Structures are given as structure tokens and as C-alpha cells.
Amino acid sequence: MLRKIKNRFLILAKNTFQILELILLFAQNNLTNRQFVYISSVLVAVSSALAVIVLKTFAHTVFNFANYIDSIFHLPYSNSILPIVGILLTVLVIQKFLDGSIQKGTAQIMIAIANKSGFIPQKQMYAQILTSSLTVGLGGSAGLESPITITGAAFGSNYAKHYKFSYKDRVLLLACGVAAGIAAAFNAPIAGVLFAIEVVLADMSISAFIPLMIASATGALTSNIILKEDILLHFTEKLTFNSANIPYYVAIGVIAGFVSVYHARMFRKIENYCAKLGYGPYKKALIGASFLALLIFLFPTLFGEGYESIKALSSSNPEEILNNTLLENFKSNQWILLFFVAITLLIKSIATALTLGSGGNGGNFAPSLFVGSYLGFVVAKFFSLIGLSSNLPISNFTIVGMAGVLSGLFHAPLTAIFLIAEITSGYNLMIPLLIVSSISFAISKKMEGYSMDIKTLVKKGIVFTSDKDKNLLSSIEIKSHIVTNFVSINITDTLETVIKKIENSTQLDFPVVDLNQNFIGIAEFKVLKHYIFNPDKIKNTNLKDLVNYDPVVITAYDTIETIMSKFTESGMYKLFYITEDQCLGYVKKIKILESYREKLNSLRIE
């Protein structure tokens, strides 16, 4: 019976998709390109929103289950065990079903735009949902927004690929998926549009606004219809702004900037340490998840996204976050509460890095809101406890702090401002949001230069999203341009031997190697010509006296920008490629420029 029902459901689903496919093909052939983009933005947005609904519902259900268990045992034992299970399951899925790797972080979207013509692997349409639901849903201390944005981008990219959209429209639909995902996750359509513009798109035209707005509104509407309000990060309390508190908002903006830098640097430090551990994926996952479990046991609010604790801190009973903790009996002590919140915000970066570094999947969007809210509470509570200002609205600072850290970490002040304004259902805090976000952004930008997600990539020269030329250059694979058919000469060769090699080769410059074939230097024709045409000098000159032992060469560590700079500064038309003291060949400047021109023309044609 069940098999018959299953087969009928599959047949119905297949027929439905076939009908939808025919309708879309008809629309593509009978509508203008712009009209079809509008329709496509709606479909991509609905797909992204449904992914958000699945992720958020699963994470919320597990959180409630863990709280129910904790209410029975009165200690966070389950909260400590579930993240270990979740991360181990995530690694298992990645190793067995996803070819042993998965893309993490919104930076992967920017790489796709800059280096891969907007194409995102098809597996990202489901891989992010599956792995992040296991990691974060079972308590990993990370966020779902980054996987959501990659999933949305994958929907948009693969939809555009299927219907053969141009590069420009492909990137636009990719951004529509991202905007819809953020809008659905927070019921914040304006923030969805701004996030797509600030974080994902390097540049855009005015015409791109309409599809982005359509997609973002569709995503928010879909989420609003299906998801319950308590699942989303939403605040119903009416907030008011008092201009007398501006100095305190300035203070929290400054502190948020430094905390953003601390969070980013600590996260990278721990994650890099995890990456260098010489263990297999399962052992690394077990070790990292075990340390995470210990942190969650001591600070249970690190469990999962942490949005429930954010709501608690902004309420009239913030001491509720001490429930089911080792400090539950000290709930009435405001200094104990302040100390707990302060320590938690400082170790959140460690917990998130352990979650992702040990093999879990998630992002730093939710952690940035977590840290920001805790920071706002600590600042306001501290000023109140020391008697400097007893009337500070702690809930205001808790909410405004989120904008400060989000702006500082992602270098997206507009997204931070309007996201917080939308989830608080009003713009009463617009002035403090502007103050805190702008100050935090300015400090973080000065100290870090790049946002958290792309800092590591920029160091490697992989992507620089605000510069189209660098985007195109960075997409060129240098190794594919190495000419391996070359002649080298040995340091022990006589000039007579060198002359014979020159006669039988079109090369003018020759890499010089020792008896172990290790690269020593280059014998340049402009130097050799003064000797090889003079019989007396041939007999009385050793090759080792004519070698350039410090030539300009290309190494495996050079970025494309460095390589082009070497060509320009040296005036050479070709450079030898050296790795581990071995010469693998040479690269011609003209070939790189031809490849650049081909990529540029392909974008124009599309």
C-alpha cells in the first residue's frame, strides 16, 4: 500500500515538473528577456524560501527538544551531546555523499561570480541544507544564514544555466536567490536586497533592483505565510529613542568595532589551527566537537544559533538565560549575570571556529548577531550597575549591538541597519543604528581592510570582488599556461655544449640546473651572445660565470597579480615557473593576456 502511494506521488511530482517546464519554455519563447527574468526571480525566491523553512523548522524543533530534555535533568547534558552527534553526522555525509568536500561561507558565492562566470555546482542546491541542518540543527554553534545564501545562490545559478541565461542575468538570478534567502530567514525584504548588493554583487545597474526586490519580497512573503513567528528572530516590544543616550551609543559603536575585529581574528586563528591538525576527518570532528561540547556544557546559550537567548536578553527578564546552567542558583545576582554574558560573547568566536573547523557546516551571520546582542547588554548593564546611568534602556542596546557587530564583521552597514530596523518592526532606533553601525564599520575597516568572509581569500589572491579586472585575472589558471617543452642546461656543461643546444632550440634563455636537476639560475642569450661567437672566449670561459643566479621567476605561491607585476617590472616576455627547486617550464606574458581577452570577450558576448 505504501509503495503504491509512493509511486503515485513520484509520478504526480514528475508530471507537475514537466508541466511547469513546458510553461516556462513557452514563457521564455514568448516573453521579452526582462519579463522572463522577473518570472524567474519569483521561482528562484520561492525555492530559496522553502529551503529556509526546512532549515529553520528543523533547527527550532531540535532546540525545543533539547530544552525539554534539560528541563527534566536540570543540567545541559543533552546540549553537550547533540553537537558531537551533529558534527560527526555532517562529516559522514560530506565524506560519503559529497565527495569529501563542501563549500562554506558567502565568500564562495563571490568566487563563483568572480572566477567561475556565476556557475555554482548543482550539489550546493541540497548539500548546504543537509549538512547545516545536521550541524546547527543539532546544536553546532554557528548560523544557518550562510548555508541559506549559498543554497539560494545555487538555485539561481543552476536555474539560469538550465535556461541558458547570459552571464549578467545568471549573476542577477544568483543574487536573487541570496536576497530571497536572507529576506525569508528574517522576514526582512529590504535587508535581503541590501545584503545582495553590499556583500554579493561587486557592482550593479539600476535595472537589477527590480528583480532583487521581487525576489526578496517573494522570499519574505513565503516565509511569513508558512513559518511561525516564534521561529524567526523577531521583536514585538515597542522601542523608543532618547537623544540623551547618544554618548552611550557612540561608546557601544566603538566597542563593537574592536569586538568585531577580535571575533574575526580569533575565529581565523582557531579555524586555522583545526585545519593544521594531522588527523583524519572523523577523529578531527570528534576532538573539535568534544571541546565544543565542553563549552556548551559551561555556557549552554552557545547551543545552535542562539536566537532564543537574544530574545531573552532583550526582554524584561534577561536572567532567564541562566536557566539550566551551573549558575542557575545565582539568577538574582546581576553581577553574576553580567559576568556570564561577557564571557559568553568572548568565547562565541571559539565555539563557532570549533564547529566549522572540526568539519561542521554553518556561518558567522548568526554568531555576529549573537555577539552583538550580548555586547549591547553588557555595555548597558555595566553602566547601570556602576550607577553611571540607571535609566539606560537595556533592550535598546541589546538590539542595536547586533547591528554594530554585523556591520563590523561583514562590512555591510546598510544591511545591518535595515535588518535590525525590520526585525524590530519599526524605525524608532534608526539614529542609534546609524551611529553604531557606521562607527563599528569604520573601525573594523581600518583594522581589517576586508570583511571576515573574504579576508583569507584576498590574502591568497583568489578574489577581489570590487575590481573587475582583478576578478578576470584571478580566474586565469596559470598552470594551464605553462610550456613544459623546454631545454635546460647543466651547470657543468661547456660553452660548446651550450652552443649545440642553442642551435637545436628556439629558446633564447635556458634554465640552469645542477646534477640533481635542481634549479640554479638562468643562462640568458643577451649575455651568452658576447661569448659564443668568439672562439677564444668559448675556450676560456666557464658557464657558471655567465649564469644569472637571481633571476625573476614565477613560483607556486605567486598570485596572478604578482605574476603580472613581475612581467611588467622585469620587461620579460616569458618567465620560468619554479616549484620546490624544480623548473617545470615557462609562461609567456602574451598567452596570459590572450586568455584575459578571451574571458573579457565572452562576458561581452553573453
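Student: Let me begin with one residue. In which helix is the place of T344?

Tutor: First, keep in mind that this is a predicted model. T344 sits in helix α13, which covers residues 334–357.

Student: Is T344 buried or exposed?

Tutor: Look at relative accessibility. Under 20% counts as buried. T344 has 0% relative accessibility, so T344 counts as buried.

Student: Which residues is T344 in contact with, leaving aside neighbours within four places in sequence?

Tutor: T344 is in contact with F299, T301, L302, F370 and Y374. Y374 turns up again beside V341. Not counting residues up to four places away in sequence, V341 touches L313, I321, Y374, F377 and V378.

Student: Next, cores. What tends to happen to nonpolar side chains?

Tutor: In soluble globular proteins, they tend to be buried together. Here the largest nonpolar core has 139 residues. V341 is one of those with the most contacts inside it, and so are F186, L212, L233, L369, M402 and L419.

Student: Which helix gives the most to this core?

Tutor: Helix α7, residues 167–186, gives the most, with 14 residues. Another core lies apart from the largest one. That other core has 14 residues, including I489, I502, V512 and L543.

Student: How do I read rings? How many aromatic pairs does a search of the whole structure find?

Tutor: The search finds 15 aromatic pairs. For each pair, check the distance between centres, then the angle between planes. Take Y159 and F165: their ring centres are 6.2 Å apart and their planes are at 35°, so the pair is tilted. Y159 and F165 are both buried.

Student: Which rings are linked into a cluster?

Tutor: Ring pairs link F186, F195, Y307, F365 and F410. F186 is also among the residues with the most contacts in the largest core.

Student: Now a helix. How far does α17 reach from its first C-alpha to its last?

Tutor: Compare the reach with what the residue count predicts. Helix α17, residues 430–448, has 19 residues and reaches 26 Å. That is close to the 27 Å expected at 1.5 Å a residue. Several α17 residues are buried, including M430, L433, I435, V436 and I443. Just after α17, G449 takes a positive phi of about 85°.

Student: On to sheets. What do strands pair through?

Tutor: Strands of a sheet pair through backbone hydrogen bonds, either parallel or antiparallel.

Student: In what sense do β1 and β2 pair?

Tutor: β1, residues 489–490, and β2 pair in the parallel sense over two bridges. I489 has V512 as its bridge partner in β2. By contrast, β2 and β3 run antiparallel, joined by four bridges. V512 has G521 as its bridge partner in β3. P511 stands opposite I522, and V513 stands opposite F519.

Student: What do β2 and β3 form, and how many residues lie between them?

Tutor: They form a hairpin with five residues between them. In the turn, Q517 has a positive phi of about 65°.

Student: Which residues of β2 are buried on each side?

Tutor: F510 and V512 are buried on one side, P511 and V513 on the other. Both faces of β2 are therefore covered. β3 is mostly covered, with four of its five residues buried.

Student: What is the strand order in the open sheet that holds β4?

Tutor: The order is β4-β5-β6, and the pairing is mixed. β4 (554–555) and β6 (582–588) stand at the edges, each with a single partner strand, so one side of each is left without a neighbour in the sheet. Two bridges join β4 to β5, residues 574–579, and these strands run parallel. I554 stands opposite Y577 in β5.

Student: Which strands does helix α23 lie across?

Tutor: α23, residues 560–570, lies across β4, β5 and β6. α23 runs at about 135° to β5.

Terms used
Residues numbered from 1 in each chain as written. Predicted model: local features only at pLDDT ≥ 70, side-chain atom pairs only at ≥ 80, totals over all residues. Heavy atoms only, no water. Core = buried A, V, L, I, M, F, W, Y, C linked by side-chain atoms within 4.5 Å. Buried < 20%, exposed > 50% of the residue type's maximum accessible area, 1.4 Å probe, protein only. Contact = heavy atoms within 4.5 Å. Pairing = 2+ DSSP bridges. Expected span 1.5 Å × (residues − 1). Axes fitted to C-alpha atoms, helices over the stretch in contact; angles between N-to-C directions. Phe/Tyr/Trp six-rings, centres within 6.5 Å; stacked < 30°, edge-to-face > 60°.
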